[in-house]
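I opened the notebook to record what could be looked up in this structure. The entries follow the order in which I went through it.

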Amino acid sequence: MLAIDMTTVPTSVSVSPAITHPPTPSLEREGELVRLTPPPRATTSLAMLKLIIGNKAYSSWSLRGWLAVKQSGLPFEEIVVPLYDEAWDKVREGDEFAPSSGKVPILWDGDTVVWDSLAIVDWLADRVGREKFWPEDDAARAMARSMAAEMHSGYAALRREHGMNIRKRYPPAPLSAEVQAELTRLFELWAQARARFGGSGDFLFGDFGAVDIMFAPVCTRLVTYSIPVPRFALPYLQAVFAHPYMQDWIADAQAEEWVIEKFEVAPSAAA
Ligand SMILES: N[C@@H](CCC(=O)N[C@@H](CS)C(=O)NCC(=O)O)C(=O)O
């Protein structure tokens, strides 16, 4: 992991390795040199991916982006930027943050940028093959895509009231009606996915993929806040936590020294 402090965050896009191209055919026309084809552009595939993320302890969207890049199998440089510290406002104004308007995760693929976790999943699926992220079966894939999108746009109360905090364990506490309703919906979808498409695999659609990536921070919240989980979901949670990528992320989160006080507040006090 490359954890860097704010002063070393690059403020400009990294330069791709030098690439040599075959000469472009050209012709003379009335003394003017005219190119027959535009000069070939450097393909993004030759530059190493660069992923900018926030604190591993707290940044749930960063976890999704990071898992997606890991799942792609592509080599990448990882830049961890501590959120909301004294340098944050300045750092998020930097060139590399501009496309996302200062939010993480941001994936630079050469001179191409993708931000927003679900877009990053899709970009990488296009790059390395859909099968690494999405089920092959049409009905399964339709449900998987819907669930991933629903996670991305929904479960607002759960996200608001139970922020991700990998390092923390709170005792069980009453849940708001909104959160309870969202969890009912969530477990219903998990149960359907497992029953219809889980097969012999450990994850929602069998193999680890985009849907598990999108729900990974929910899994950590369930543990952090000691939220009761239906029996069928326990093996799924265990599989998510046992996944090597999750193990790596959690170890890094535990080792992080940054503390964001506003995210260290017990949910009852926060409500
Ligand atoms: N919809 C975006 C959400 C990105 C997001 O809100 N990231 C948070 C960190 S978890 C962030 O950058 N917050 C900093 C800020 O809003 O100033 C995604 O899917 O990536």
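Entry 1, two helices. I began with α1 and helix α7 (residues 210-224), which pack at an angle of about 145° with their axes 9 Å apart. Here axes are lines fitted to C-alpha atoms, for helices over the stretch in contact, and angles run from 0 to 180 degrees between N-to-C directions. The model is a predicted one, in which local features need pLDDT of at least 70 and side-chain atom pairs count only at pLDDT 80 or more, while totals for chains, interfaces and linings use all residues. Residues are numbered from 1 along each chain as its sequence is written. I took helices (H or I, at least four residues) and strands (E, at least two) as DSSP runs, numbered from the N terminus.

I noted the crossing of α1 and α7 as right-handed, the convention being that a crossing is left-handed if the near helix is turned anticlockwise from the far one by less than a right angle, and right-handed if clockwise. On the α1 side I listed S60, L63, R64, L67, A68 and Q71, which meet I213, M214, A216 and P217 of α7; contact requires that the C-beta atoms of two residues, placed from the backbone, lie within 7 Å. Sorted by class, the contact of α1 with α7 has seven nonpolar, two polar and one charged residues, where Ala, Val, Leu, Ile, Met, Phe, Trp, Tyr, Cys and Pro count as nonpolar, Asp, Glu, Lys and Arg as charged, and the others, Gly among them, as polar.

Entry 2, the sheet. I then looked up the strand order and found an open sheet of four strands, β4-β3-β5-β6, with mixed pairing; two strands pair if DSSP finds at least two bridges between them. The edges are held by β4 (76-80) and β6 (112-115), each with a single partner strand, so one side of each is left without a neighbour in the sheet. From one strand to the next the twist averages 20°.

For the individual pairs, I noted that strand β5 (residues 106-109) and β6 run antiparallel and are joined by four bridges, with L107 standing opposite V114 of β6. Helix α1 (residues 60-72) packs on the sheet, where it touches β3 (49-53), β4 and β5, and its direction makes about 160° with that of β3. Helix α3 (residues 117-128) also packs on the sheet, touching β5 and β6, and its direction makes about 130° with that of β6. The pairing of β3 with β4 is parallel and runs over five bridges, and I52 has I79 in β4 as its bridge partner.

Which way do the residues of β3 point? L49, L51 and I53 point one way and K50 and I52 the other, and all are buried. A residue is buried if 20 or more other C-beta atoms lie within 10 Å of its own, exposed if 12 or fewer, and partly exposed in between, with C-beta atoms placed from the backbone. Five of the five residues of β3 are buried, so this strand is largely enclosed by the rest of the structure.

I counted a residue as near if its C-beta atom, placed from the backbone, lies within 6 Å of the molecule; of the 14 residues around the ligand, S59, W61, K103, D116 and S117 come nearest. Helices α1 and α3 each supply at least two residues of this shell, and the largest share, three residues, comes from α1. By class the shell divides into five nonpolar, seven polar and two charged residues.

I found a cis peptide bond from V104 to P105, with omega near 5°, and placed P105 in the loop between α2 (88-91) and β5. Y84, a residue other than glycine, has a positive phi near 65° and sits in the loop between β4 and α2; Y84 is partly exposed, with 16 other C-beta atoms within 10 Å. S226 likewise has a positive phi of about 50° although it is not a glycine, and its place is in the loop between α7 and α8 (233-242). With 12 C-beta neighbours inside 10 Å, S226 counts as exposed.

Among contacts with a separation of 6 or more, 72% are between residues 24 or more positions apart.
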